Amino acid sequence: MSITQPLTRRKRMSYTVAFVASVIIALLISCFATPSPGQTSTRDKFLWPFASSSPWNMAIGSSAYYIPANIGKAGYAAADKEYFFQLNNSDPWRPVYSPGAWGEGRCTGTTSMGTWLPIPNDLIIPDATSNPYSTPNNASAFLMPDGKTLIQLEPLARCKTGGDIYGWRYPNVDIYGDGIGGAHFGSGLSSIGGSIRKGELTSDQPIRHALKVVIWGEKYLYYSTSNPGYRWPADRADANAANQYHGKNPSLVQGTLLAIPPNVTEANLDLQTPAVKKLFHALQDYGAYVVDDAGWDAHYFAVEDGVTEEFRNTFGYDFEGSNGSFYEDFMKLFQALYIVDNNSSNSVGGGGTPRVALAPPIGN
């Protein structure tokens with residue numbers, strides 16, 4: 001991840017114009033899309049956020065141009081846990097400070113992030129640790145009591161009961177808007193958009209949004225002076241990208257949309273596990289955006305806190321690991337991913353007729 005300054009006014013305006021154009025295009029093409037199983041008339045903004053035309057909700061289009069990503073099997077299948085909260089005015093308001101460190105010592109920062117959050121006293125998000133070494137991203141999103149404003153922090157930490165909150169802050173985002181930006185600071189992309197939510201891997205309903213993945217920058221992500229490691233919808237790469245990205249494919253960078261081509265089937269890949277079969281269809285219909293650098297030989301899906309526990313309780317085996325049927329299936333998905341190289345603000349998902357219908361309108 002990297003920490004950079006907020007978006008410039010010019011960049012924000014260009015994103016706004018592109019978003020308005022994408023809304024118009026999405027409305028025009030929605031009548032031609034194939035309805036999804038289990039489609040509902042409205043959706044909950046916290047569980048399924050952002051506009052129907054947001055990149056997080058737009059399906060792959062019939063004009064998508066696929067090129068090989070050449071992502072290989074990683075040594076570990078992992079979950080990048082994210083934290084989401086609906087806040088209540090009646091809880092104690094606490095100040096937010098920048099982390100004192102990326103590693104151990106996150107709760108020692110003293111620089112104000114210029115905001116306060118109403119947080120229950122018993123909410124604890126542990127510090128990073130040195131032994132064992134663990135520095136989770138802890139991307140987070142807080143829906144403020146106004147029901148509209150999202151405050152996003154990374155890496156989120158709160159080390160003691162009733163204590164202050166720590167995390168670098170992304171500028172406020174409207175939950176009814178395009179939802180592109182957020183506190184995945186390796187790319188500048190959303191903390192909450194694209195996350196696998198609780199119930200999505202274990203229910204009988206399809207996942208109806210794009211996903212987020214984290215891959216090893218040293219092996220896969222590209223950087224050069226003319227191509228500085230990111231593409232739309234990302235607005236940045238890691239601050240040290242020039243030294244840590246050593247991939248060979250100029251199209252594989254932060255913000256790249258990856259998807260499984262339409263000619264590939266579950267049978268082609270010999271998938272065995274139910275959750276991976278569900279992920280397969282999400283990756284084929286919506287794809288997944290690259291949002292951060294794994295920093296080691298692992299592939300990650302971004303998931304809401306609680307998903308891995310729910311997964312274990314339902315299926316009897318772990319989401320994370322380096323062996324077993326689920327691990328093997330997990331790796332088959334990454335090896336099957338291609339780059340949607342014509343994904344852009346003017347052709348989200350590659351343009352053309354979307355594979356599935358637009359997300360229903362927000363109902364609250």
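**A disulfide, a helix and a pocket**

In this predicted model, a disulfide joins Cys107 to Cys159, with an S to S distance of 2.1 Å.

Q: Why is the link of Cys107 to Cys159 called a disulfide?
A: The sulfur atoms of Cys107 and Cys159 are 2.1 Å apart. The cut-off is within 2.5 Å, so a pair at that distance counts. By this rule the count comes to one disulfide.

Q: What parts does the pair of Cys107 and Cys159 tie together?
A: Cys107 sits in the loop between strand 3 and strand 4, and Cys159 in the loop between strand 8 and strand 9, so the link ties together parts 52 residues apart in sequence.

Q: Is Cys107 buried or exposed, and why?
A: Cys107 has a relative accessible area of 18%. Buried means under 20%, so the word applies; Cys107 is buried.

Q: Why does Cys159 count as partly exposed?
A: Its relative accessibility is 36%.

Q: How do you know that the span of helix 4 agrees with its twelve residues?
A: At 1.5 Å a residue, helix 4 (residues 274–285) should span 16 Å. Its end C-alpha atoms are 17 Å apart, which agrees.

Q: What makes helix 4 mostly covered?
A: Nine of its twelve residues are buried, among them Val276, Leu279 and Phe280.

Q: Which strand gives the most to the lining of the largest pocket?
A: Strand 2 does, with four residues.

Methods
Residues numbered from 1 in each chain as written. Predicted model: local features only at pLDDT ≥ 70, side-chain atom pairs only at ≥ 80, totals over all residues. Heavy atoms only, no water. Helix = DSSP H or I, 4+ residues; strand = E, 2+ residues; numbered from the N terminus. Expected span 1.5 Å × (residues − 1). Buried < 20%, exposed > 50% of the residue type's maximum accessible area, 1.4 Å probe, protein only.
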